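Hello,

Here is the structure for you to look over. My notes on the ligand site follow it.

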Amino acid sequence: MKKLFNLYLMVIMTIFLITLSACETKQSVEENNGTMPNENVRSPKGEIKIGFSMDTLEEERWAKDRDLFREELEALGAEVEIMVANENAAVQLSQIETMISNGTDLLVVVPYYTETAAAVVEKAHSAGIKVVSYDRIIKNANVDLYVSFDNEKVGELQAEVITDLVPKGNYVYIGGSVTDNNAILIKKGVFNVLQPYIDRGDIKVVYDQWTENWTPENAYQNMLAALEANQNQIDAVIAANDGTAGGAIKALEEKGLAGKIPVAGQDADLAAVQRIVEGTQTMTAYKPIRNLAKKAAEIAVAMARGEAFETNRKINNGKIEVPSVLLSPIEVNQNNIDETIIADGFHTREEVYGN
Ligand code: BGC
């Protein structure tokens, strides 16, 4: 009788255990369904490889972008391959092809030539790889995401500071490279602010030129031409970045005008911040690169893994409304270097004030 009872108990226990394990299996299938990676995802979690295609390392900021982006990606467990095209669209395309054949899961691109980079997106998409536009947008293409600073705002900040100081007079605009959509957006921002002054006849833009490849040397030549054409009668200069501002200030120095005319720049390059301390440059539009690198890394990894991420804008690139994340630039002048650039560790106090 006791044996019969034990047998009965074992049967009941076995049925109970079988039912329990069936329930667990069902539950784990349902949980998986909720977070199933989408079909475009090429790698399982933990094995993401990101290809970072850069245009240039000429300006100081790009070395920060390279190092910080790598750091942020590695902290998220991703692998990164970085290639720099040295301002050559054909080289950039072939480097991207190499990254695709090296098995990259997602491409992050700083395009050299905004317009032609569209070919890159097509190449990547046909290999099932998504493309994130980093800092500069790729135009006329189905870019998957754009992450940058608000470049129009950069121009507005510059012009607001300079028009406060010089509400009337002769202005020189030293633009960036016309191949770069950021240069166009920055100029738009500058003229958003200048236009009412121009319309009232208070401000006259006596010189307005793009700077080929953003080089300080070309900006220097442009500034010399502007001074010459106007018999040195210039009251203010807005330059699209600190490299071009440096070129313009060199020309002003040669005419004994450095420090006498307000000059705006962008990027918070160390040399520019030192010029702000010395008084030959008025302001720079500072962009905390760590924030950009961090945001881009988080999104790139989430996108490659098929996970959700947030955007805050839609930017039209001539073809589609690109889901975008735009961060804010910050005005830096003599009065707030410590609480911005130095507090962020962008440059050290010794570097900035060492001279
Ligand atoms: C960037 C600037 C940089 C310039 C030249 C622009 O696209 O936004 O920060 O100075 O390129 O490299």
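The domain bounds used below come from an automatic or database domain assignment. This is a predicted model, in which local features need pLDDT of at least 70, side-chain atom pairs count only at pLDDT 80 or more, and totals for chains, interfaces and linings use all residues. Residues are numbered from 1 along each chain as its sequence is written, and side-chain values use heavy atoms, with hydrogens and water left out.

Start with the shell around the ligand. Domain 1 (49-150 + 289-327) and domain 2 (151-287 + 331-353) each give at least three residues to it. Being near means having a heavy atom within 4 Å. Among the surrounding residues are Glu59, Asp135, Asn182, Trp214 and Lys287.

Now the polar contacts (pairs of N or O atoms within 3.5 Å). A ligand oxygen lies 2.7 Å from a side-chain N or O atom of glutamate 59. For lysine 287, the distance from a ligand oxygen to a side-chain N or O atom is 2.9 Å. For asparagine 182 it is 3.0 Å. The protein covers 100% of the 310 Å² of accessible area that the ligand has on its own (Shrake-Rupley method, 1.4 Å probe).

Where does the ligand sit? It is in the largest cavity, with more than half of its atoms within 2 Å of the grid points. A cavity is a set of points on a 1 Å grid over the protein atoms alone where a 1.4 Å probe fits but cannot get out; lining residues have an atom within 4 Å of a point. This cavity is lined by 14 residues.

Best wishes

Methods:
A polar contact is a pair of N or O atoms within 3.5 Å; within protein, one must be able to donate a hydrogen and the other to accept it, and residues adjacent in sequence count only if both atoms are side-chain atoms. On a 1 Å grid over the protein atoms alone, a cavity is a set of points where a 1.4 Å probe fits but cannot get out, and a pocket is an open set with protein on both sides within 12 Å along at least five of seven lines; lining residues have an atom within 4 Å of a point.
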